Amino acid sequence: MTIRETTLTAGDAEVTVAPGNGCRISSLKIAGAELLRQGERYGCFPMVPWCGRIRDGQFRDGGQLHQMPLNSPPHAIHGFARDAEWTTARVSGTEAVFTYDLTDPWPYSGRVTQIVALGEDALTLTLGVETYGDSFPAQAGWHPWFNRTFGGAGVELAFEPAWQEERGDDHLPTGHRTAPKPGPWDDCFGMPDGVDVTLTWPGALELTVASREQWVVVYDEQEAAVCVEPQTGPPNGLNTAPRLVTPVEPLEATTTWSWRRL
């Protein structure tokens with residue numbers, strides 16, 4: 001049975017997950033104050049089985065060309081999981097587990113699992129992608145919408161990427177890497193030692209988005225929110241940097257958001 005919403009609490013932190021709306025984190029409150037932009041399209045949704053845009057909605061697996069629906073013409077964006085109804089597998093204390101079976105139009109059978117674990121000063125999200133049969137390329141990541149203002153303060157971003165993916169007019173990486181440029185951004189950055197981005201709302205809260213993955217998209221072109229998106233590869237990565245999900249090696253990614261009051 002699918003539970004409409006699941007809420008976990010730890011100390012003064014409270015997280016709500018909406019499995020029927022793409023298993024997105026619909027709310028994260030700290031001492032009663034909302035950290036995520038509200039609305040059915042916002043919160044924080046999992047990006048799977050790919051992240052960002054696929055050029056023309058097409059990707060190759062060996063010699064076979066697959067066409068995905070163009071949900072952001074002329075490209076396909078962010079995978080299917082954010083639009084799907086997930087199943088609640090287990091809820092216990094401060095942890096919940098959700099699953100989603102990959103289906104048409106994705107050409108491979110498999111399962112995605114998301115684990116949500118809340119602590120008093122941290123939220124850890126884990127995505128796993130496994131195959132029921134053939135190996136296939138995939139990506140996994142998260143797209144959080146952090147409120148630009150929290151506790152009356154505007155957010156400040158701090159991170160030190162090794163490079164920035166040059167972005168073409170089609171919003172896809174060109175294949176060239178450049179030195180990081182000043183924002184505003186809708187860009188992918190490389191962090192070979194793992195994603196490490198700090199968001200600070202002066203006088204209110206400091207939050208660090210961390211992941212062992214090496215790619216992060218930062219999007220801060222909207223007035224209401226900023227997005228810091230750790231993921232297992234760059235946009236169009238099914239074509240340029242594929243990660244194979246095999247029967248003996250699933251794809252797994254984890255991100256932890258840790259915070260402290262200021």
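I am working with a predicted model, in which local features need pLDDT of at least 70 and side-chain atom pairs count only at pLDDT 80 or more, while totals for chains, interfaces and linings use all residues. I number residues from 1 along each chain as its sequence is written, and side-chain values use heavy atoms, with hydrogens and water left out.

**Cores.** I looked up the nonpolar cores, taking a core as a set of buried Ala, Val, Leu, Ile, Met, Phe, Trp, Tyr and Cys residues joined through side-chain atoms within 4.5 Å. For burial I used relative accessible area, with buried under 20%, exposed over 50% and partly exposed in between (1.4 Å probe, protein chains only). The largest nonpolar core has 65 residues, and the members that touch the most others are Trp106, Phe146, Trp201 and Trp257. I then listed the contacts of Trp201, counting heavy atoms within 4.5 Å as contact. Leaving out residues up to four places away in sequence, Trp201 touches Leu35, Phe146, Asn147, Arg148, Thr149, Phe150, Ala153, Gly154, Val155, Leu207 and Leu262. There is also a second, separate core of 8 residues, which includes Phe45, Met47, Cys51 and Trp145.

Val209 counts as buried, at 0% relative accessibility. Apart from residues up to four places away in sequence, Val209 touches Phe146, Val195, Asp196, Val197, Leu199, Val228, Pro230, Thr255, Thr256 and Trp257. Val209 and Asp196 are 13 residues apart in sequence, and their C-alpha atoms are 5.8 Å apart.

**Cysteines.** How many disulfides does a search of the whole structure find? It finds 0, with a disulfide taken as a pair of cysteine sulfur atoms within 2.5 Å. For Cys23 the nearest cysteine sulfur is that of Cys44, 10 Å away, and Cys23 is buried with a relative accessible area of 0%. For Cys188 the nearest cysteine sulfur is that of Cys51, at 9.6 Å, and Cys188 is buried too, at 4% relative accessibility.

**Largest pocket.** I searched on a 1 Å grid over the protein atoms alone, where a pocket is an open set of points with protein on both sides within 12 Å along at least five of seven lines, a 1.4 Å probe fits but cannot get out of a cavity, and lining residues have an atom within 4 Å of a point. Grid points are joined across faces, edges and corners, and a volume is the space filled by probe spheres set on the points. The largest pocket holds about 420 Å³. Its lining has 25 residues, and Arg53, Ile77, His78, His143 and Asp186 lie nearest the centre. Two or more lining residues come from each of β20 (163–167), β22 (186–190), β25 (215–219) and β26 (225–231), with the largest share, 3 residues, from β22. By class I noted 10 nonpolar, 6 polar and 9 charged residues in the lining.

Beyond its neighbours within four places in sequence, His78 is in contact with Phe45, Pro46, Met47, Val48, Trp50, Gly52 and His143.

**Backbone.** Most residues other than glycine have a negative phi, and most peptide bonds are trans, so I noted the exceptions. The bond from Val48 to Pro49 is cis, with omega near 10°, and Pro49 is in the loop between β5 (44–47) and β6 (53–54). The bond from Pro73 to Pro74 is also cis, with omega near 10°, and Pro74 lies in the loop between β8 (64–67) and β9 (76–77).

Asp56, not a glycine, has a positive phi of about 60°; Asp56 is in the loop between β6 and β7 (58–61) and is partly exposed at 37% relative accessibility. Asn236 has a positive phi of about 65° and lies in the loop between β26 and α1 (237–240), where Asn236 is buried at 7%. Pro173, in strand β21 (residues 173–178), is 63 residues from Asn236 in sequence and 7.6 Å from it in space, C-alpha to C-alpha.

How values were computed
Helix = DSSP H or I, 4+ residues; strand = E, 2+ residues; numbered from the N terminus. Nonpolar A, V, L, I, M, F, W, Y, C, P; charged D, E, K, R; others polar.
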